[in-house]
Structures are given as structure tokens and as C-alpha cells.
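Let me put the model up, and then we'll go from the overall fold down to a few aromatic rings.

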Amino acid sequence: MNWEPFMQEALDLAQRGSGEVEPNPRVGAILLQDGQVVGRGYHGYYGGVHAEVAALEDARARGAKPDTAVVTLEPCSSQVGDGGKKTPPCTQALLAAGIRRVVVGAIDPDPRHRRRGLVELEQRGVEVIEGILAERFLQQNRPFLKWLGLDRPWTIAKWAMTLDGKTAAPTGESRWISGPESRRRTHELRARCDAVVVGFRTAQIDDPELTVRHVAGRQPVRIVMDPRGEIDDDSNLVRTARTAPTWVLVAHDVDAARTGHLQDLGVQVIHVKSAETPRHIHIREAWRELRRRGLRRIVVEGGGGLVADLFGWNCIDQVQCYLAPKIIGGRLAPTPVAGEGRAFMAEAWPVQDWTYERSGDDLFLSGFVF
């Protein structure tokens, strides 16, 4: 049987998760019964159901009993919590549904899991056919392949800006640049990340809550990069530290009395190596520490200095921008990426695989940094 048309349809489904599932792979699945398609599914967002389970739910809703699964990536076999995994193993779901044949695009490129799922299926008597359009899966999943080589969290830089590239007025006032729909989507992003991060000045000037409020979803860890531990006791983040997880990353030599006081208020203080630049934390070491503490996907919401530092350390993997139909002007108005910038256009950080769509009155842009 020619499996390529079915696999291509599964790859097309997988692409719908682009920008939402990373650092997890984009995966699509097609289910067949007697050679006819009876179910379709894809991995829609980080932490959501996997493609195989979504396809099984689709087939079940149609009253079908599929016998074959066509999946762009080897079905997972690891358990919840294994390496940060959030969903049950797809191999078990396929076996429970009575699937007797699994057609696979690519073998799992993660050496920790490679072929584990296929071996389990074969041991249970399932016919496995592999390598169908495998190269197309690898081309489609450049972000996932990048993630496998990282020792830090997948990092999304998110901002809202005006048509002239400003993230606030010259006074620092920024509420609101983007519209209600864009703000709702920002809360959706927070709910699908392990943590939301801001710099000290953003925490001081904006006094944000950084919680999920406009949508249903879990609360991320709230993180402030605060080298000297100067965050105000009466800030929204500190006042609510006992009800929403709050971490403050400080330099290793910060005053012990101050860090102890923050901990008494419910803040988790994490000491990180200082950078050579005064009043800065070593970004690379800080991000490695976040990964060691179990964070896989985080979003940085400002400010421009922190985002610039992260770009400088090659710690930005994805960019999400809401472009609002407003103009502020003013040479003192802040921009999303500050710092010294790049001296020449040829040195600019390239952002690839862009997508564009409307978000209320705003324009939403999303792309990847490789």
C-alpha cells in the first residue's frame, strides 16, 4: 500500500501546531479502518493531548473502530513526569484502541526514547512500518531538534509594541498597547508555559501580577531577575508569593539579610553567579539553573534590557509580537530589545518561519531563532 499520501496529510495536520507546541515536536496522526480515513488529530499546544489521542477521540466520535494509525513520529512510551512529560504514553492508547498496524514517519530522534515505543508495539503483536517521509518530519521539526541539544529552557520572548516599535510611552506607561484579544492570548500563553520571567525594572515600573486570569489554566512560576534583591515588599509579586509561586534570581553575593527577608515573605530566592557587568546576573548560568529546577518552556515578558541580554547569550528560541495600530514616537520611549544592539545589519539576529494573523485590532507575529 502507498502510505505516503496518508503521511503527507498527517504532516499537514502537524503543521497546525507550529508556534504552540514547542519545544515538543509537531506531530500529526491519521487513523484508518479498512483503508479509509476515520480519524484525524494533531498535537495542538504544549501540554495538550498528543496527536494519536486526538485522532482516537475523533474516530470514537464517528463511531469508527480503526485498525491502522499513520503517525509522523514514533508514538511515545514514557510515563507522565518522565523528563517533564505531561501526558500518558500514546503506545498504551493505541493498544487499548485495538490498533493492529502503526505506520511511522520518523523514529524519535531523542536518544533516551529512540525506538522504545516501536519495540513495545511490536512486542504486543502490532505490525510496524517505519521511515515514511521521515526527512519531511525532520525538516518540519527544526525547533524540536534544536531543543534536544539545549541545556536550558525553551525561551519565548513576547512583547506588544506600537507601529513605530515602542513598548511604552516615554513616561514608562504601557497600559494598554495591545487590545483585549491579544491580552487574552497572552494569558493563554502563560498558562501553557512553566514560567513567566521579567527583569527587575519591569517588575518595579509595571508592578505586574504575571498570573493567568483571562483564561482557564494552571499558574506558571513567576520569576524576577533581580541581582540585588531589591524588589519591593509591597509589590504585587511579593504580596501574592504565598498563593502563586514566585522566584527571585539574585547574585550569589547579595545581602543575606535581604534574601532571608524575602524568603520569610514566601519568595523562593535563587542565588546565581554574578556577571562581569555590575548589577547583572550571569544569564547563561541562570538559565541552566532554571532547567535544573525542571522548567522546560518559559516566556519572557520584558524588559528590553533582559531580552537584549538573552539574545546576546543565544538564549531566545522563539519570538511572539503583538503589533498594535498606534504610534507613540519619542526617542526616549522604550523598545522591546534594548542594550547595545548589533553594529551592522549583517549581524542582526534572524527570525525564521514567521507566521502572521489578526488578533483583534492587532497583528500577531510569531517566529523562531535558530
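So, the chain has 12 helices and 14 strands; those are DSSP runs, H or I of at least four residues for helices and E of at least two for strands, numbered from the N terminus. Its radius of gyration is 23 Å, close to the 21 Å from the globule rule for 370 residues, so the chain is as compact as a globular protein of that length. That radius is over C-alpha atoms, and the rule is 2.2 Å times the number of residues to the power 0.38.

Quick caveats: this is a predicted model, where local features need pLDDT of at least 70 and side-chain atom pairs 80 or more, while totals for chains, interfaces and linings use all residues. Numbering runs from 1 along each chain as its sequence is written, and side-chain values use heavy atoms, with hydrogens and water left out.

Along the principal axes, the C-alpha trace spans about 65 × 45 × 40 Å. And 53% of the 370 residues are buried, meaning under 20% relative accessible area with a 1.4 Å probe, protein chains only.

Now the rings. There are 6 aromatic pairs in the structure, counting Phe, Tyr and the six-membered ring of Trp, with centres within 6.5 Å; planes under 30 degrees apart are stacked, over 60 edge-to-face, the rest tilted. Take Y322 and F364: their centres are 4.8 Å apart and their planes at 35°, so that pair is tilted. Y322 sits in strand β12 (residues 318-324) and F364 in strand β14 (residues 362-368), so the pair ties together parts 42 residues apart in sequence. Both Y322 and F364 are buried. Elsewhere on my list, W154, F368 and F370 make up one aromatic cluster.

Definitions and conventions: Buried < 20%, exposed > 50% of the residue type's maximum accessible area, 1.4 Å probe, protein only.
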